[in-house]
Amino acid sequence: MNYLFKQIALLCISAIFIAGCNGSDKKTAETVTYSNPLPVAFGDPYILPASDGKYYMYGTGGVEKGFGAYSSDNLADWHYEGQVYSGDTPESWTLKNYWAPEVYEIDGKYYMFFSADWKVNPTNELENFRIGVAVSDKPTGPFKEVSDKPLFDPGYPIIDANILQQNGKTYLYYSRCCYKNPVESEVADWARAQNMFDEIEESWVYGVELSNDFTSVIGEPVLLLQPPTKMSDAQTEWESRSVTSGEVNRRWTEGSFAFEHDGKIYMMYSANFFGGQNYAVGYAVSDNPLGPFVKAENNPVLEKNTENGGDVTGTGHNMMFRSKDGKKMYTVYHGRTQKTGDERVVFIDEMKIDENGVLTVDGPSTTEKEL
């Protein structure tokens with residue numbers, strides 16, 4: 001009888017052991033969770049899923065006169081890789097204000113597109129931004145500029161470079177700065193009538209074909225997106241909050257990011273003051289890389305959540321990337337919370353495009369999520 005009880009006990013122990021090692025528990029052990037904001041103080045974040053199996057994050061801030069980078073195996077745990085690009089060197093065209101780096105892996109090389117103030121400034125402009133390109137053999141740099149001059153000079157300050165490659169061609173998207181670009185509109189008329197501002201300056205998104213070696217533009221830039229001119233436009237309210245709240249006399253269309261999905265070109269963009277609470281994200285869709293683009297009816301798709309009991313403001317300058325297995329789409333962007341104050345910190349949230357082509361973002365979130 002004792003022998004029988006021993007055998008039953010052994011069978012029970014074996015069953016428990018096997019159950020503890022089944023696939024369900026293994027899946028649970030491999031589940032990665034995270035919560036926003038990430039412990040990364042970047043503005044204008046950009047994530048590259050590289051061919052080495054890692055994710056690399058680049059952004060504005062954290063280093064003097066250049067850019068730093070982080071790496072991660074799982075999007076939740078990030079390791080600082082140090083400064084990967086340094087500007088204001090004797091051979092560089094750059095001087096200061098290094099913004100919005102984006103890195104693309106192409107033919108075994110890593111190309112960084114970025115904005116900075118140009119040293120050549122004979123008229124002493126307060127904003128003298130241009131776009132440059134740097135290249136490296138590794139995602140962690142060092143990145144070296146491909147030229148001692150900016151990519152091109154349109155005659156006005158430009159920022160927020162983004163590229164799209166389609167059918168053997170390369171397209172560059174960028175934002176003309178608000179600086180010295182006053183625009184007449186019904187919003188400007190309203191602001192004057194309210195004795196708020198004498199004029200309203202605007203930034204606009206342009207597109208232009210780029211040589212495949214990233215050294216020059218082809219043809220003339222095409223205006224793709226700008227703030228609406230009429231008060232009755234469905235987009236006017238959310239794109240004009242920095243003006244209508246009395247925050248500043250500027251309306252922005254910036255931080256564009258274009259990508260392909262189901263034969264369409266989606267362009268996400270940010271509006272309002274990047275340093276304020278009203279920074280928000282919308283998107284537009286086109287059949288062609290150089291437009292025309294039509295803004296989505298469900299804009300904005302990402303904005304502050306404080307009016308709904310949340311703690312996040314200033315959500316913007318985002319980009320889209322896919323998980324390494326290609327099953328999920330994510331957007332990375334910067335925002336602020338009451339705890340972080342004025343410092344911009346990084347958020348990652350899942351985004352989706354439904355069967356009707358409608359894009360949505362599951363954020364801004366601060367609760368724990370699975371990746």
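Reader: In what order do the four strands of the open sheet lie?
Author: This is a predicted model, where local features need pLDDT of at least 70, side-chain atom pairs count only at pLDDT 80 or more, and totals for chains, interfaces and linings use all residues. Residues are numbered from 1 along each chain as its sequence is written, and side-chain values use heavy atoms, with hydrogens and water left out. Strands are DSSP runs (E, at least two residues), numbered from the N terminus, and two of them pair if DSSP finds at least two bridges between them. The pairing here is antiparallel, and the order is β6-β7-β8-β9.

Reader: Which strands stand at the edges, and why is one side of each left without a neighbour?
Author: An edge strand here has a single partner strand, so one side of it has no neighbour in the sheet. The two are β6 (99–106) and β9 (144–145).

Reader: How many bridges join β7 to β8?
Author: Strand β7 covers residues 109–117 and β8 covers residues 129–136. They run antiparallel. S115 stands opposite I131, and A116 has R130 as its bridge partner. The number of bridges is eight.

Reader: Which residue takes a positive phi in the hairpin of β6 and β7?
Author: Six bridges join these antiparallel strands. The hairpin has two residues between the strands. The residue with a positive phi, near 50°, is D107.

Reader: How many of the nine residues of β7 are buried?
Author: Buried means under 20% relative accessible area (exposed is over 50%, partly exposed in between; 1.4 Å probe, protein chains only). Strand β7 is largely enclosed by the rest of the structure, because the buried count is eight.

Reader: What is the relative accessibility of C178?
Author: C177 counts as buried at 5%. C178 also counts as buried, and its value is 2%.

Reader: Which side chain makes a polar contact with the side chain of N318?
Author: N318 is in strand β20 (residues 312–322) and is buried at 2% relative accessible area. A polar contact is a pair of N or O atoms within 3.5 Å; within protein, one must be able to donate a hydrogen and the other to accept it, and residues adjacent in sequence count only if both atoms are side-chain atoms. At 2.9 Å, the partner is T331.
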